[in-house]
Amino acid sequence: MKETDREAVATAVQRVAGMLQRPDQLDKVEQYRRREARKKASVEARLKAAIQSQLDGVRTGLSQLHSALSDVKDIQRSLADVSKDWRQSINTVESLKAVKDAVVRHSQLAAAVENLKNIFSVPEIVRETQDLIEQGALLQAHRKLMDLECSRDGLMYEQYRMDSGNARDMSLIHSYFGSTQALSDELAKQLWMVLQRSLVTVRRDPTLLVSVVRIIEREEKIDRRILDRKKQTGFVPPGRPKNWKEKMFAVLDRTVTTRIEGTQADTRESDRMWLVRHLEIIRKCVLDDLLVARSLMVQCFPPRYQIFRSLLNVYHQALSTRMQELAAEDLEANEIVSLLTWVLNTYTSAEMMGNAELAPDVDVGVLEPLLSPDVVAELLDTYMSTLTSNIIAWLRKALETDRKDWVKETEPEADQDGYYQTTLPAIVFQMFEQNLQVAAQISEDLKTKVLVLCLQQMNSFLSSAVNPPICQERSVGPPDTRYKEEAQLYKEEHLRKRQHPHCYVQYMIALINNCWTLRESIVSLKRKYLQHDADESVSLSQPSMDGLLDAIAEEGCSSLLEEVFLDLEQHLNELMTKKWLLGSNAVDIICVTVEDYFNDFAKIKKPYRKRMIAEAHRRVVQEYLRAVLQKRISFRNAEERKEGAERMAREAEQLRFLFHKLAAGFGEEMDGHCDTIVAIAEVIKLTDPSLLYLEVSTLVSKYPDIRDEHIGALLAVRGDASRDMKQTIIETLEQGPAQASPDYVPIFKDIVVPSLNVAKLLK
């Protein structure tokens, strides 16, 4: 207490010191005293009120404790009285056992009397119920059946209560009501028949379906009541619970499954389109059934049944089972496509589950897939494998058909622009187009895979694995037959017997044109079916394919040029001979022959014809130069050299005019190969031998691929160069070989000079 007083004094001193910090605050001491006095009075008043409230609470609690003690004593006395009375009445209860037994017997007899009328009328009720079932009056029949079951169950329950172990009496009652179970089964059979035809019944006689649902509802209520009583008494009548609601959905499930399986009207043996027809019938049936269920059946069932949702799940599960069964069969490629298209696209489309009339209740986004991803992947693998085999077979067949056309006596057909062609590109790419259209119906991924497969097989079809010997006989459609290989064999057969085939040139032109058509078709396919973000390997295959096609076309062009030069061989051999110098028309014939051939080659498409003209130009000039450098003639004097050189210049101009005329339609200047002949003629024409080195140096700088033997042969043709002069010119030129420009086309490279001429120039 003293400690508290000290703390209070210290606090007061601190407060006073805080109030009187300045001299002018002394004038307010009285004011401070009055304010503190008011605070003290207020605090004392609150303390008194709090203490008074606590005292009142303690007083009330003590009063209630006294009352509770009095009540406990009263209860204790009452319990003692009850205990005393119970001990006195034990003997009395035991003496009333006979009365209890009499009450039980009375209850049983009362139940028997109550059901006496029903017991005696059981046979009659059974007959009436049977008649009602046969007449289709299912509600009335069920009412009577309920009466029979109620009487039976009531008697059996009373017997169970009296003596649950008396099996004889229970069996007696059960046998007397034995027809009841048979009637129940017969009625159930009628109900299931109605449910099996529910989609038809709901349109013709919806009240019958409503009656069936009402009966099932009654039975469900009875089942629930009996199960509740079982928890209390342990008694369950025979045949309960019936679970007719559960059986109803089982019947609907079996009905839907049977209905879907029954839509297969054909087999593969009787109709190649059996699966398409089967799936289309399923689509129509399922859509019609669900529309009927949504519009009519929902009105015949209680909302809690969610009958449309239940039927939707049943149909979905039945369809999934059926699709798995179909997927497990040995399906052909077109059948796999039909199945996957239906499963992946048709099923969720507006033609079926996505139908606008089903939309409010069917969300296609939450429907489980009819086939698992593993099954779909397996089907796709099978399809791709089968398609690969089919494409190989189709390509082989197309090539065999094309080969038969190559040996015909009639010219090939021409396209709308007049270019020769065969049917192979159209057949091949029509096949590719059809398969890509089919794949696009399934998925974008499959479409890309099929496009890749088509391009891969096309690549294999075009390429040649092994170059066969010239004498090798044509095989009859081997699995590894290639387009390039067949074109080569076609050429070789013709070279062995040039009169056969009759239209060799025309069909070789068609083969060349086919290469350009195939290039354009490949580009068209990619543009049409390839997505911008598709696999990069698909795009990278294009250069490889273009290269193959260009190589085949170039070989074809070479074959045709070979045909030209076989006819020109005799006239090319006349060049730079004595006969030529005296006045030969060999170049005239060469020009006429080349022009005649290129009139036929006008049927070649421009990209390849342009290359062919350039190659023909180069080869004609090269053959002319070869004739010069083979030393078929050696001029004896300046007059002969002048005459020969001027003739060479005229013929060079004649050849230039020819090839300029042939290339006129391409809008580009031809390479100046003919200038090479003019340059050689200038060397031959030169009258001052001392200027030979300068002229030859100019020639070498202009044509870097010219070799020593070429220069030696050229000097030998002049006929006036000494051995020392030749040696000096060659050695001097060897010291500073010319460098070729990047765009220079070699023309002397392939010209071989006879070794006899070269030997004379060696040291």
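Analyst: Q306 is located in the loop between α12 and α13, the latter helix covering residues 307-328. Helices here are DSSP runs of H or I with at least four residues, strands are runs of E with at least two, and the numbering starts from the N terminus. The model is predicted, with local features requiring pLDDT of at least 70 and side-chain atom pairs counted only at pLDDT 80 or more, whereas totals for chains, interfaces and linings use all residues. Residues are numbered from 1 along each chain as its sequence is written, and side-chain values use heavy atoms, leaving out hydrogens and water.

The backbone of Q306 has a positive phi of about 45°, although this residue is not a glycine. Q306 is classed as exposed because its relative accessibility is 53%; buried means under 20% relative accessible area, exposed over 50%, and partly exposed in between, with a 1.4 Å probe and protein chains only.

M576 is buried, because its relative accessible area is 0%, whereas Q306 is exposed.

W274 counts as buried because its relative accessible area is 3%. What is W274 in contact with, leaving aside its neighbours within four places in sequence? The partners are Q264, D266, T267, R268, L326, E329, L331 and E335, where contact means heavy atoms within 4.5 Å. W274 and E335 are separated by 61 residues in sequence, yet their C-alpha atoms are 9.0 Å apart.

Another buried residue with partners elsewhere in the sequence is Q622. It lies in helix α23 (residues 606-629) and is buried because its relative accessibility is 5%. Apart from neighbours within four places in sequence, Q622 is in contact with I747, D750 and I751.

Charged side chains supply further links. In general, side chains of opposite charge can pair when their charged atoms come close. A salt bridge is defined as a side-chain nitrogen of Lys or Arg within 4 Å of a carboxyl oxygen of Asp or Glu, and the whole structure has 29 of them. One of these joins D546 and R519, with the closest N and O atoms 3.6 Å apart. D546 sits in helix α20 (residues 536-572) and R519 in helix α19 (residues 504-529), so this pair ties together parts that are 27 residues apart in sequence. D546 and R519 are buried.

R519 has a salt bridge with D550 as well, at 2.9 Å from N to O. This pair links distant parts of the chain, from α19 to α20, across 31 residues. D550 is buried because its relative accessibility is 15%.

Elsewhere, K408 and D405 form a salt bridge, their closest N and O atoms lying 3.0 Å apart. K408 is partly exposed because its relative accessibility is 38%, whereas D405 is buried because its relative accessible area is 14%.

The surface holds patches, made of residues with over 30% relative accessible area and no salt bridge; like charges are joined within 9 Å, and nonpolar side chains (Val, Leu, Ile, Met, Phe, Trp, Tyr) within 5 Å. V43, L47, I51 and L55 form a nonpolar patch with about 360 Å² of accessible area together. Accessible areas come from the Shrake-Rupley method with a 1.4 Å probe, and for residues only the protein chains shown count as cover. V43 lies in helix α2 and is partly exposed because its relative accessibility is 39%.

These parts belong to a protein with 29 helices and zero strands. Of its 763 residues, 42% count as buried. Among contacts between residues at least 6 apart in sequence, 74% join residues at least 24 apart. The accessible surface of the protein comes to about 42500 Å², and carbon and sulfur atoms account for 53% of that area.
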